[in-house]
Amino acid sequence: MTQKNKQYRLKNFFKWFNFLCLLLLFMIVGRLSLKNAYKFGRLIGALLFQITNKRRKIVEENIQILKDWGERRNLKNPLLNQDISAIAKEIYKCNAGNFFYSWSMTAKSTDTLSKHLKIKNMEVLNKAFEKNKGVIILFSHTGPWELIALLSKLDPSISEVFNFAAVYRVINNPYLNRWYLKKRSRFGIKMFSRDDGFLKIMRHVKNKSILFIASDIRMSTGPKADFFDLKTTASKIPYTFHKGTKAPMISISLVKSGDLKWDFQFNEILPLEQDEYTEQNILKASNEDLERLIFNDPHNYFFFQNRLK
């Protein structure tokens, strides 16, 4: 056996071992109550805050940008009155708590889902769907955002009307990637990656279906748009699919409504009466919607990337 083959097999073994560890953790968290899963996540978040100095610096820089943006507009949010380090620590704890909360929720009954998750502004989705061109829905990494995949489980009538799919980035670990795709398919949501090709994804949308796309992906290249008063690189993906399908575009937000409770809110960010949007229209509307969501609830936004650069 060559040295190259040995390295490949060793690397493959570690990927398999990491997958088994994550699967075991997922099974354990799935057996916890939502409250205990969230508490466990917050403990992990507090630990990560202490040991990830480089990532913590990125979070703190993003918080300062957010605070400065709010001050320039004379906007007030008591959550931002604390010291930046205290805010950063709470962001760590909330995000880790939301992550484990999501894991626990996927193993719970429909009754439990209905007690903790609600769908609001459904009329916005219905209005967009009336155009018979499919619908593109932008989402952000806010709160337990992975639970968007449970929409059809939360309300089975939704799956009878809407055919859901989402664009995702392929996970480097093939074992974890296959498990992830299988789990998503159980909830009635089809996953597309770049490997599937734009034409295949566009055909899905044109077939009077729904496509979820993340609006806050960090990009190294692409068009520039104002985001918290900074010129940031944005994703062309939403505009590319809109241009190819003429599908209307709305957003979905996760808004905390109580202890361990969240609302899925559909938002009309662009006039649904309009048949076509420009790239700048989409970028502006998406960023303004995201700015509002983040400023209102900074603790639950995924602030761990330096998109605000």
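Select Lys 231 first: its relative accessible area is 54%, so Lys 231 counts as exposed. The classes used here are buried (under 20% relative accessible area), exposed (over 50%) and partly exposed (in between), with a 1.4 Å probe and protein chains only. This is a predicted model, in which local features need pLDDT of at least 70 and side-chain atom pairs count only at pLDDT 80 or more, while totals for chains, interfaces and linings use all residues. Residues are numbered from 1 along each chain as its sequence is written, and side-chain values use heavy atoms, with hydrogens and water left out.

Lys 231 and Asp 226 form a salt bridge, with the closest N and O atoms 3.2 Å apart. A salt bridge here is a side-chain nitrogen of Lys or Arg within 4 Å of a carboxyl oxygen of Asp or Glu. Asp 226 is partly exposed, at 46% relative accessible area.

How many salt bridges does a search of the whole structure find? The search finds 13.

Go next to Arg 292 and Asp 289, another salt bridge, where the closest N and O atoms are 2.6 Å apart. These two residues are three apart in helix α12 (residues 279–296), so about one helical turn separates them. Helices (H or I, at least four residues) and strands (E, at least two) are DSSP runs, numbered from the N terminus. An α-helix has 3.6 residues a turn, so residues three or four places apart point the same way. Arg 292 is partly exposed at 36%, whereas Asp 289 is buried at 13%. Elsewhere, salt bridges that share partners join Arg 72, Arg 73 and Asp 229 into one network.

Select Arg 42 and Glu 90. Their side chains meet in a salt bridge of 3.1 Å, N to O. Arg 42 is in helix α2 (residues 34–51) and Glu 90 in helix α4 (residues 84–105), so the pair ties together parts that are 48 residues apart in sequence.

Stay in helix α4 and select Ala 96. Is this residue buried or exposed? At 11% relative accessibility, Ala 96 counts as buried. Leaving aside neighbours within four places in sequence, Ala 96 is in contact with Gly 41, Arg 42 and Gly 45; contact means heavy atoms within 4.5 Å.

Colour helix α3 (residues 53–72) next. Its 20 residues reach 29 Å from first C-alpha to last, close to the 28 Å expected at 1.5 Å a residue; the expected span is 1.5 Å times one less than the number of residues. The buried residues of α3 include Ile 58, Ile 65 and Trp 69. What do the buried residues of α3 pack against? They pack against α2, α4, β7 (230–233) and α12. Just after α3, Asn 74 takes a positive phi of about 60°.

Now select Tyr 101, Leu 117 and Phe 264. They are among the residues with the most contacts inside the largest nonpolar core, which has 59 residues. Such a core is a set of buried Ala, Val, Leu, Ile, Met, Phe, Trp, Tyr and Cys residues joined through side-chain atoms within 4.5 Å.

Finish at Phe 17 in helix α1 (residues 3–31). Phe 17 is partly exposed, at 41% relative accessible area.
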